[in-house]
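User: Please take me through some local features of this model, one question at a time.

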Amino acid sequence: MNVGIVGYGAYLPKHRIKVEEIARVWGADAPSYKKGLGLREKSVPALDQDVITMSVEAARNALARSGGVDPREIGALYIGSESHPYAVKPSGTIVSEAIGATPAIHVADFEFACKAGSEGMFVAHGLVKAGLIKYGIGIGADTSQGAPGDALEYSAAAGAAAFLFGSDNLLARIEHTFSYTSDTPDFWRREYMHYPQHAGRYTGEPAYFKHTIGATEGVLERSGMKPSDFQFAVFHQPNGKFPMRVGKMLGFSHEQMEAGWLSPTLGNTYSGASPIGLSAILDVAKPGDKILMCSYGSGSGSDSFVFTVTERITEVQGLAPKTRYMLEHEPIYLAYGEYAKFRRKIRKAE
Amino acid sequence: MSSARAWREYPQRYRYEAAVCDQCAKWFFPPRLVCDACGCREFTTKAMRRTGKVLTYTVIRVPPAPFKDQAPYVVAIVQMDDGPRLNVQVTDFVDGQLKIGLPVSLEFRKIYEEGEAGIINYGYKAVPV
Ligand SMILES: [Zn+2]
């Protein structure tokens, strides 16, 4: 049985803040941050946006491209995020209710730093493949925060992408998957702590690069494919530089990675990052194209997928807003003060 | 508004479910029991299309307590493409964009939070298309 993507959709908030504006407040050197991180600006959620609101919009866009799937036939919905609005009360119940998929549905919220979104995709498609459900949705969404003045503040951004999996009417088949995991303490946040901590330089070599390379080489070996067999590749995007560097280490070219490389103007959308990149690739892909996607989550692990795009892709690309359009169309730029209010960094009277 | 009332209104707040008169096809949002056009009492539930146009709007500068952080904000009457008129908050517009006739679409947003520890209430707001 072929299993794959029946519908896909993304959602990006309209607000942005530029690296210069953050650097101005903290007395940091904007050009060196821009160069060092490969970032120019990042998305910011408004006060009325969170993982749930963005997931609903991304899921609606996925359904709009599904060719009329009845939401009541969706048997599972998984949202991966490290910024679920509630500590206790699932995001997925609200999203399932909003898309009309309740009550006959299995719902769970996943957490695994930035890899939680691809986990949702992995499990949802696996249940379809096992024949337990007809359709399943995997969503990656985050509204992550970095501590004020910390390097993470320049990159932590917001966005969501949703993928509806099924076994007929596919727009992309899943050919192979592979996961690569180890206990690596590169980044964490303890209960009740507002901001995460990270082990500085440690986040590079033994963490992001080792796991991304491990999962990508694993899926290439399983599929018997080599980098030049792919039209597109997308990797997790903690900043503008890492995904291009790891891709080149693996043998992918700038051209193969360009369509899914959003972080220079989007920032790091955490659980949303490689899934949103995949949505931008599907927006421009052609029938027969091969796509490699590899996520990364601190702690640490990577999930990789090999997709083959089908003939149906051209019918659905225009049925919901395209990801690059949402990234580039009339962004609203914020000053640091408004941004601090939006991100609730200002302590108010009780 | 209580969480219980918000919960009963999920079909409208989350999915824009309207009542469509079986006799004259007029749309009602929120649903009602008797059609004011033909007196019919039979309706079919349908999800309203999310698109419409701003009929008129006003800026709220001194809002009720739960909406304090959002001030100033815009509330509009939106003529939905399926017929109903909604009283709805408008957001995400750029300077000079908001005007009568502006095409908008409904997005899922937080409406208000019952304090730092309370329930979060979700619903729709209008944004420029
Ligand atoms: Zn009637």
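**Sheet and metal site**

Analyst: Strand E2 (residues 15-18) of chain A and E14(A) pair in the parallel sense over two bridges; strands are DSSP runs of E of at least two residues and helices runs of H or I of at least four, numbered from the N terminus, and two strands pair if DSSP finds at least two bridges between them. This is a predicted model, in which local features need pLDDT of at least 70, side-chain atom pairs count only at pLDDT 80 or more, and totals for chains, interfaces and linings use all residues. Residues are numbered from 1 along each chain as its sequence is written, chains are lettered from A and ligands numbered from 1 in the order in which they are written, and side-chain values use heavy atoms, with hydrogens and water left out.

User: Which residue in E14(A) is the bridge partner of A:Arg16?

Analyst: E2 of chain A covers residues 15-18 and pairs with E14(A), whose residues are 332-333. The bridge partner of A:Arg16 in that strand is A:Tyr333.

User: What is the geometry of the site of the zinc ion?

Analyst: The zinc ion is coordinated through SG atoms of B:Cys21, B:Cys24, B:Cys35 and B:Cys38 at 2.3 to 2.4 Å, where donors are N, O and S atoms within 2.8 Å of the metal (3.2 Å for Na, K and Ca) and water is not among the atoms, so sites may look incomplete. Four donors count as tetrahedral if all angles lie between 85 and 135 degrees. Because the angles among the four donor atoms are 100 to 115°, the site is tetrahedral.

User: What spacing do the donors of the zinc ion follow along the chain?

Analyst: The donors are B:Cys21, B:Cys24, B:Cys35 and B:Cys38. Along the chain they follow the spacing C-x2-C-x10-C-x2-C.

How values were computed: Tetrahedral: all angles 85-135°; square planar, octahedral: opposite > 155°, others 65-115°.
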